[in-house]
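Subject: Structure for your review

Dear colleague,

Please find below the structure that I am handing over to you.

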Amino acid sequence: MTSNLNEGLLADRLAATQATYRGDRVLVNALGDFIRSASERQIVRINPIAFARARNLPEQQVIDLFLHARKAGLLTMEWHYVCRGCGQIVESFTVLNDAGEHFFCNTCLGHRDADLSDFVEVGFSVSPAVRASRFLAPSNLTAEENAEFSVSENALNADSIPLRQVFKRDTIFVCYVDAGETRTFNLMLEPGHVGFSHGRDLEVKVGKSGPNDPVHCVYRENRVPEPVVEVAPGPLEFHLTNGTSSRFRALALKIVNPERWSVKLADFLSGSQLLSTQTFLDLFPSETLMSSGGLAVKRVTLLFTDLKGSTALYDRIGDMKAFNLVRQHFGVLRDVITANEGALVKTIGDAVMASFTEPSNAVRAARDMLTQIAEYNAAAGEEIIVLKIGAHCGPCLAVTLNDHLDYFGQTVNLAARVQGLAEANEIWLTDDLYRQAGLSPDLKDYDADQLSVRVKGIDREVLVHRLRLQKAGHPRG
Ligand SMILES: [Zn+2]
């Protein structure tokens with residue numbers, strides 16, 4: 001039997017999850033099996049993408065499932081700021097509201113800008129009421145476990161080796177040091193670089209003659225960068241004093257190939273992807289609010305639609321009927337956006353703004369919008385709704401406007417301007433998006449023209465692609 005498992009509560013919350021999720025029961029069962037059988041370590045900071053891949057399940061559906069499970073109290077969720085210098089999780093938040101634009105890594109002594117696309121990862125844990133885990137309180141772990149667990153499981157080095165593995169392999173010492181305590185380590189150093197979580201680094205230089213003098217290091221709050229100490233290979237007596245008022249976990253790491261030292265995150269659920277997940281916006285609308293001025297998103301694809309001839313439509317059928325029609329068309333577009341793994345950010349009059357993590361999903365959504373609206377019109381017996389679509393991708397700021405998630409910046413402006421160029425049933429894409437989307441299979445039925453245009457507010461020519469559906473029954477050639 002699994003320790004600390006409340007089977008009754010697990011069953012209740014799995015049922016509550018299934019009730020709102022309404023997706024495939026196989027996925028809910030997979031989550032239940034995992035909660036029962038996984039190790040204590042595995043049930044904390046679960047990566048939904050890794051979870052999906054390990055079980056050959058559809059990723060977006062697993063993300064949706066985890067969000068419903070969170071709503072049902074089965075899982076909890078955290079945003080983690082990962083240091084791009086060392087791969088450690090420096091700050092964690094349960095809601096975005098607490099997240100700042102910058103953070104500071106006390107190991108690297110580096111100021112970092114938060115970027116929701118790159119080094120902000122979202123992880124889920126099993127609710128401690130359902131199954132407790134001592135990994136929820138890292139200060140209760142052994143120093144070795146604490147060191148390993150402080151590094152993001154998704155962080156890889158330049159050779160794509162998990163950093164947790166690298167830390168484990170190259171650790172010289174790791175231990176807790178109590179407040180005021182001094183520890184002495186007799187190190188045997190090989191040539192190379194030694195990094196510490198708590199003080200000045202060592203450069204162990206070939207050719208430098210020993211024996212080495214003892215090195216003393218005092219760890220203080222708000223420590224500042226200090227010059228590297230050069231020492232000779234061989235024995236070194238290292239004294240470490242904790243000058244703070246609380247216990248800390250010290251780590252010394254042999255840095256192999258410091259010039260090749262780099263950190264990347266792989267296969268993780270990024271903060272920006274979560275913000276482009278409709279289920280998240282639907283289930284937790286208040287959690288997209290940011291107290292800061294906005295958080296950087298390095299990559300997002302923004303798609304705008306508008307209706308052609310809506311004024312004439314209102315004149316012809318009256319406000320009431322037109323409003324109903326516009327609302328129905330919002331429903332069609334929303335379904336298409338969700339089906340293509342995007343999120344409806346907002347509606348503006350008759351227009352829609354949507355966000356996507358994957359450029360190709362945005363392009364597929366644009367195509368599906370035209371197809372679905374054509375079917376809608378066919379059912380209505382006239383071409384009553386006519387769409388004009390434009391999209392662009394790039395960096396922008398995720399912000400809170402009117403108590404809602406919104407995006408701000410030149411990428412937003414350009415996406416909107418490019419939409420403004422589209423005529424009836426056209427999709428206009430910037431070249432940036434066109435190149436990234438890998439378009440061929442999705443748009444084989446479309447004629448594409450490349451144009452260089454000037455748009456208001458952009459101080460340069462913009463290369464765009466105009467896509468028009470080939471007329472049915474009139475194939476080219
Ligand atoms: Zn760091």
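Of the 477 residues in the protein, 37% are buried. Please note that this is a predicted model, and that every value below was computed from it.

Overall form

The protein contains 13 helices and 23 strands. Along the principal axes, its C-alpha atoms occupy a box of roughly 90 × 60 × 45 Å.

Domains

Three domains are assigned: domain 1 covers residues 7-151, domain 2 covers 167-261 and domain 3 covers 293-469. Between domain 1 and domain 3, the C-alpha centres are 33 Å apart. Nine residues of domain 1 and eight residues of domain 3 take part in the contact between them. On the domain 1 side of this contact there are three nonpolar, two polar and four charged residues.

A helix pair

Two packed helices are described by the angle between their axes and the distance between the axes. For helix H2 (residues 25-37) and helix H4 (residues 59-71), the angle is about 65 degrees and the axes are 10 Å apart. The crossing of H2 past H4 is right-handed. Which residues bring the two helices together? From H2 they are Leu27, Val28 and Leu31, and from H4 they are Gln61, Val62, Leu65 and Ala69. Sorted by class, this contact consists of six nonpolar residues, one polar residue and no charged ones.

The nonpolar core

In soluble globular proteins, nonpolar side chains tend to be buried together. Here the largest nonpolar core comprises 113 residues, and Leu303 and Ala354 have the most contacts inside it. Leaving aside residues up to four places away in sequence, Leu303 touches Ala354 itself, together with Phe356, Ala362, Ala365, Ala366, Ile389 and Ala391.

Two residues with positive phi

Most residues other than glycine have a negative phi, and most peptide bonds are trans. Arg45 is not a glycine, yet has a positive phi of about 55 degrees. This residue lies in the loop that runs between H2 and helix H3 (48-55). Arg45 counts as buried because 21 other C-beta atoms lie within 10 Å, where 20 or more are required.

Ser160, also not a glycine, has a positive phi of about 65 degrees. The loop that holds Ser160 is the one between strand S6 (155-156) and helix H6 (163-170). Is Ser160 buried or exposed? With 8 other C-beta atoms within 10 Å, Ser160 is exposed, since the limit for that class is 12 or fewer.

Three further positions

Leu236 belongs to strand S13 (residues 234-242). There are 22 other C-beta atoms within 10 Å of Leu236, so this residue is buried. Apart from residues up to four places away in sequence, Leu236 touches Leu187, Leu189, Asn212, Val215 and Val231. Gly210 is 26 residues from Leu236 along the chain, and 9.3 Å separates their C-alpha atoms.

His102 is part of strand S3 (residues 102-105). Because His102 has 10 C-beta neighbours inside 10 Å, it counts as exposed. With residues up to four places away in sequence not counted, the residues that His102 touches are His111, Arg112, Asp113 and Ala114. As for Arg112, it is ten residues from His102 in sequence, and the C-alpha to C-alpha distance is 5.5 Å.

Ala266 sits in the loop between strand S15 (264-265) and helix H7 (271-275). The count for Ala266 is 14 C-beta neighbours inside 10 Å, and therefore this residue is partly exposed. Which residues does Ala266 touch, not counting residues up to four places away in sequence? They are Asn154 and Leu156. Ser133 and Ala266 are 133 residues apart in sequence, with a C-alpha to C-alpha distance of 25 Å.

Yours sincerely

How values were computed
Residues numbered from 1 in each chain as written. Predicted model: local features only at pLDDT ≥ 70, side-chain atom pairs only at ≥ 80, totals over all residues. Domains from an automatic or database assignment. Contact = placed C-beta atoms within 7 Å. Nonpolar A, V, L, I, M, F, W, Y, C, P; charged D, E, K, R; others polar. Axes fitted to C-alpha atoms, helices over the stretch in contact; angles between N-to-C directions. Helix = DSSP H or I, 4+ residues; strand = E, 2+ residues; numbered from the N terminus. Left-handed = near helix turned anticlockwise from the far one by under 90°. Core = buried A, V, L, I, M, F, W, Y, C linked by C-beta atoms within 7 Å.
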